[in-house]
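Please read these notes alongside the model.

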Amino acid sequence: MKLHAVELRRIAMPLVRPFRTSFGVQTSRDVLLVRVVTDTSEGWGECVALAAPVYSSEYVEGAHAVLRDHLVPRLLAEPAVTARAVAPRLADVLGHRMAKAALETAVLDAELRAHDMSLATYLGAVRTEVECGVSVGIAASVDQLLAEVGGYVDQGYRRIKLKIEPGWDVEPVRAVRESFGPRLRLQVDANTAYDAATSVRLEALDEFGLLLIEQPFAEDDLHQHAVLARRIGTPVCLDESITSARAVADAVRQGACSIVNIKAGRMGGYLESVRVHDVCEALGVPVWCGGMLETGIGRAANLALAALPNFRLPGDTSASDRYYAEDITEPFVLRDGMLPVPTGPGMGVEPRPDVLSALTASVETLQP
Ligand code: OSB
Ligand code: MG
């Protein structure tokens, strides 16, 4: 395919409720969408970087700048592009995986649409629907948390993930376990909020039968994760630390995790995510699909990925209405705790033009 143009669009998406974590509170998403126009088709990608560099070093203004000034010009200069060739062509730019992922996804979407093949089929999906969990933010009180969790349980979510931090851990986990019983699939995510001094609080979570503890320590502290993993029965899962197939092999070898959260943005794209999936499968490590409060564009692609065989736990692939009053695509609706894997060409969904234009803050079009 020849790239004719790349559009960088920023949209403002208010969340239905504030999402509080140890790295701050999100009340809306400043989403960067990438649209590529080729000689054969068009494709979309969503950049998952948050507005501020608090979950990862990437943030949306930085991603926008590196796409405009460094990544997109490299592809526009090529006589032809394919999705497989994107990462090698961008490899001299260090880091910026979320920005690279958005661009690679848009090229892949366009390529698959031209070949009339779904992303799920291309990636190797073995399911037509996937089990969904929901990520629940730090609440103002335990009562409010129980009300929020109860609402999601009533909607049919198959697993609950609680955000934790030192001081909001044992008490909320105990309360949820006591209110909803031993059969509720429950896990926690600390987003690096613990250290060697506060680690003992995590050992106290071992009695609650959690599916996993996600990323308690710093991104670059595999050792501390390995120490905890030896001390507790609950599996340790990594999110922030895992940025590639090489990184995951290293972390598993060191005993730092026995379960992995895969987010395509963090890995630089869906192609690297499949490699992470495959390495984990070979090592006997289950994976699950993380989320970054995506719109329907990112969600559609995540559902395709989550349909691969080694995605063996429910993902943070919640329904559109858990995030947004109005999604930019046709909404994803939970049915019996599951979401359907899109079957149309490419990622199988498109932004609705009227909704998109109403939410658009800026559009920039880049050409050769
Ligand atoms: O750590 O998994 C995380 C959202 C933004 C940034 C990081 C994380 C999250 C979530 C929500 O937990 C996942 C979702 O529902 O999209
Ligand atoms: Mg996480």
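1. Domain 1 and domain 2 bury about 3400 Å² between them, with 64% of that area on carbon and sulfur atoms. Buried area here is the accessible area (1.4 Å probe) that two parts lose on being put together, summed over both. Phe 19, Tyr 55 and Arg 352 supply 20% of what domain 1 buries against domain 2, more than any other three residues.

2. The model is predicted: local features need pLDDT of at least 70, side-chain atom pairs count only at pLDDT 80 or more, and totals for chains, interfaces and linings use all residues. Residues are numbered from 1 along each chain as its sequence is written, chains are lettered from A and ligands numbered from 1 in the order in which they are written, and side-chain values use heavy atoms, with hydrogens and water left out.

3. Domain 1 is assigned as 3-116 + 350-366 and domain 2 as 120-340; such bounds come from an automatic or database domain assignment. The two centres, taken over C-alpha atoms, are separated by 23 Å. Across the interface, 37 residues of domain 1 are in contact with 44 residues of domain 2, where contact means heavy atoms within 4.5 Å.

4. Helix α2 (residues 83-90) and helix α3 (residues 97-114) have axes that come within 8 Å and cross at roughly 155 degrees. Helices (H or I, at least four residues) and strands (E, at least two) are DSSP runs, numbered from the N terminus. Axes are lines fitted to C-alpha atoms, for helices over the stretch in contact, and angles run from 0 to 180 degrees between N-to-C directions. α2 and α3 are therefore roughly antiparallel; angles over 145 degrees count as such, under 35 as roughly parallel, 65 to 115 as roughly perpendicular and the rest as oblique.

5. On the α2 side of that contact are Ala 83, Val 86, Ala 87 and Leu 90, which meet Lys 100, Leu 103, Glu 104, Val 107, Leu 108 and Glu 111 in α3. By class there are seven nonpolar, no polar and three charged residues. Ala, Val, Leu, Ile, Met, Phe, Trp, Tyr, Cys and Pro count as nonpolar, Asp, Glu, Lys and Arg as charged, and the others, Gly among them, as polar.

6. Helix α5 (residues 142-155) and helix α6 (residues 170-180) pack at about 45 degrees, with axes 10 Å apart. That makes α5 oblique to α6. The contact residues include Leu 145, Val 149 and Gly 150 of α5, and Pro 172, Ser 179 and Phe 180 of α6. The contact divides into nine nonpolar, two polar and one charged.

7. Helix α9 (residues 245-253) packs against helix α11 (residues 270-283) at about 25 degrees, with axes 8 Å apart. These two helices are therefore roughly parallel. Among the residues in contact are Val 248 and Val 252 of α9, and Arg 275 and Cys 280 of α11.
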